Amino acid sequence: LKLLELERNIERKPVAVVIQTDIPAMSTGFKASPALRAWCAFLALYELPHLRRVLSGAPLKGFQGGLQDTTSARRLWALMLMNLVISRASLALAPRSRAVAGSTAAIHIAETWFFIPEARKGHGSVKVAAAITCNALLFLFHALRQ
């Protein structure tokens with residue numbers, strides 16, 4: 001009954017819709033470091049040829065050398081590469097987002113965690129492993145600044 005009374009008392013006026021575009025968690029971050037955004041975009045694009053090679057059946061080499069050459073292993077490797085691509089592209093587009101910065105850092109820390117032992121086993125370059133570690137530290141530092 002109270003609901004019916006409320007409905008009768010509501011005036012029928014047009015409602016103005018206001019869209020706020022500067023939401024910090026979703027901001028595109030145009031004031032963020034152009035160098036960080038460019039680096040993320042470069043790294044995202046860098047993985048695309050590797051992704052294509054893995055899915056096309058090219059010989060496994062480098063960090064992939066420890067994998068058995070099966071369709072499942074190739075798909076899992078491609079999934080890992082896509083995680084890197086998506087996290088980097090997301091950070092390039094929204095570098096001020098805490099969620100994006102944190103997830104990008106987490107993905108790159110995990111990459112370091114799993115790839116350093118592979119480099120020690122001789123699968124993959126120690127220089128590439130060092131670059132992976134530097135990226136993880138860069139993204140962690142950026143996430144902590146958000």
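1. Which residues in helix 3 meet which residues in helix 4? In this predicted model, the helix 3 side of the contact is made by Trp77, Met80, Asn83, Leu84, Ser87, Arg88, Ser90 and Leu91, and these meet Val100, Ala101, Thr104, Ile107, His108, Glu111 and Phe115 in helix 4. Sorted by class, the contact of helix 3 with helix 4 has eight nonpolar, five polar and two charged residues.

2. On the geometry of this pair, the axes of helix 3 (residues 71–93) and helix 4 (residues 98–120) come within 9 Å and cross at roughly 145°, and the crossing in which helix 3 passes helix 4 is left-handed.

3. The largest pocket has a volume of about 580 Å³, and of the 25 residues that line the pocket, Tyr46, Glu47, His50, Phe63 and Val128 are the closest to its centre. The elements that give two or more residues to this lining are helix 2 (34–56), helix 3, helix 4 and helix 5 (126–145), with helix 2 giving the most, namely six residues. By class, the lining comprises 14 nonpolar, six polar and five charged residues.

4. The structure holds three salt bridges.

How values were computed:
Residues are numbered from 1 along each chain as its sequence is written. This is a predicted model: local features need pLDDT of at least 70, side-chain atom pairs count only at pLDDT 80 or more; totals for chains, interfaces and linings use all residues. Side-chain values use heavy atoms; hydrogens and water are left out. Axes are lines fitted to C-alpha atoms, for helices over the stretch in contact, and angles run from 0 to 180 degrees between N-to-C directions. Helices (H or I, at least four residues) and strands (E, at least two) are DSSP runs, numbered from the N terminus. A crossing is left-handed if the near helix is turned anticlockwise from the far one by less than a right angle, and right-handed if clockwise. Contact means heavy atoms within 4.5 Å. Ala, Val, Leu, Ile, Met, Phe, Trp, Tyr, Cys and Pro count as nonpolar, Asp, Glu, Lys and Arg as charged, and the others, Gly among them, as polar. On a 1 Å grid over the protein atoms alone, a cavity is a set of points where a 1.4 Å probe fits but cannot get out, and a pocket is an open set with protein on both sides within 12 Å along at least five of seven lines; lining residues have an atom within 4 Å of a point. Grid points are joined across faces, edges and corners, and a volume is the space filled by probe spheres set on the points. A salt bridge is a side-chain nitrogen of Lys or Arg within 4 Å of a carboxyl oxygen of Asp or Glu.
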